[in-house]
Amino acid sequence: MKTAELNQLNHTGFAPISSEVEPVVSPSRTPTASDDSLLDAYSKAVVHAADEVGPSVVNIEVRKRNGQRAGSGSGFIITHDGFVLTNCHVVHGADKIEVILADGRRPDAHLVGEDPDTDLAVIRVYAPQLRPVRLGESKNIRVGQVAIAIGNPYGFQSSVTAGVVSALGRSFRANTGRLMDDILQTDAALNPGNSGGPLVNSRGEVIGVNTAVILPAQGICFAIGIDTAKHVAAWLIKDGKIRRSYIGVGGQNVPIHRRLVRHFQLTAPTGVLVISLNQGSPAERAGLREGDVIVEFKGQPIPSIDALHKLLTADQIGVESDLTIVRRAEKLTLRVTPAEFAS
């Protein structure tokens with residue numbers, strides 16, 4: 001050390017700081033084995049699901065009577081003898097249905113039945129060596145779990161997209177106006193042509209039927225829950241339709257005055273205002289009038305039209321039941337016998 005530096009050190013008690021500072025370089029983070037294993041596990045899950053379900057996914061093309069192509073969608077085989085589940089809006093009004101299997105075969109196909117109220121339909125194909133999917137259960141679905149969509153968007157066959165289940169228990173309005181329940185929300189990308197294809201979990205089980213996408217949004221897509229799909233498919237295969245009951249009213253949801261709610265001890269602050277009655281309908285025969293407010297059916301509160309629709313199932317056809325209404329300042333109970341609804 002030079003004499004000047006020694007003198008400075010002795011005078012201040014500190015050594016001089018050099019202006020030439022060694023650069024400090026942060027070590028880059030190297031991928032760990034756990035990162036690799038996580039990525040590999042995710043990839044394996046998607047690959048496994050695609051391998052399991054891909055051979056069961058079909059491309060559906062709809063044609064008019066003159067042979068002109070009217071649309072396309074997806075579907076998947078659910079039985080060894082050729083029943084295929086898809087969306088109702090894919091095949092509704094079709095004069096001819098063409099099905100292309102994953103291996104390129106084009107077997108004969110025809111519509112077995114459709115249910116516009118749940119946007120589901122079953123068609124049947126006639127071909128040997130068909131591979132059906134494995135169906136899961138809605139109760140086992142969890143928000144955040146991996147969801148894989150397989151279909152034919154824009155005609156690109158066997159396209160696979162992956163995401164997660166974003167939400168459970170959504171409600172969605174069908175083209176008929178009836179509310180569909182048990183709808184799954186996912187961010188697995190769906191496009192026109194994906195409709196009717198399967199939504200699959202990491203085990204290769206189908207957990208939903210892809211049905212709709214909100215076009216202006218990013219990653220908000222919907223699928224019909226598999227429990228609903230299994231119930232509807234079973235009835236369509238058996239009868240070709242879903243039986244539902246009706247009472248024949250046109251109504252709108254309205255609030256009920258708080259005094260009436262307290263006075264009649266109603267369980268809901270809203271009801272269904274009757275604005276029209278079908279001529280000769282069960283409701284008209286029961287004595288229901290325009291201006292009445294329906295508040296209960298079979299002892300169950302009716303806060304909305306959708307709540308009434310949920311109770312008007314096939315089990316109620318021909319069964320006389322109590323219908324509770326508020327007429328002006330009176331609470332009345334009528335006896336109504338729902339009839340079978342003709343789609």
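1. A search of the whole structure finds one cavity of 30 Å³ or more. A cavity is a set of points, on a 1 Å grid over the protein atoms alone, where a 1.4 Å probe fits but cannot get out. The largest cavity has a volume of about 30 Å³, a volume being the space filled by probe spheres set on the points, which are joined across faces, edges and corners.

2. This is a predicted model, in which local features need pLDDT of at least 70, side-chain atom pairs count only at pLDDT 80 or more, and totals for chains, interfaces and linings use all residues. Residues are numbered from 1 along each chain as its sequence is written, and side-chain values use heavy atoms, with hydrogens and water left out.

3. Residues lining the largest cavity (lining: an atom within 4 Å of a point) include Gly 136, Glu 137, Arg 203 and Ile 207. By class, the lining has two nonpolar, three polar and three charged residues. Ala, Val, Leu, Ile, Met, Phe, Trp, Tyr, Cys and Pro count as nonpolar, Asp, Glu, Lys and Arg as charged, and the others, Gly among them, as polar.

4. The largest pocket (an open set with protein on both sides within 12 Å along at least five of seven lines) holds about 600 Å³ of space. Of its 22 lining residues, Thr 118, His 231, Ile 242, Arg 244 and Thr 313 lie nearest the centre. The lining comprises eight nonpolar, five polar and nine charged residues.

5. The second largest pocket holds about 450 Å³. Its lining has 21 residues, with Arg 178, Tyr 246, Val 249, His 309 and Phe 341 nearest the centre. Nine of the lining residues are nonpolar, nine polar and three charged.
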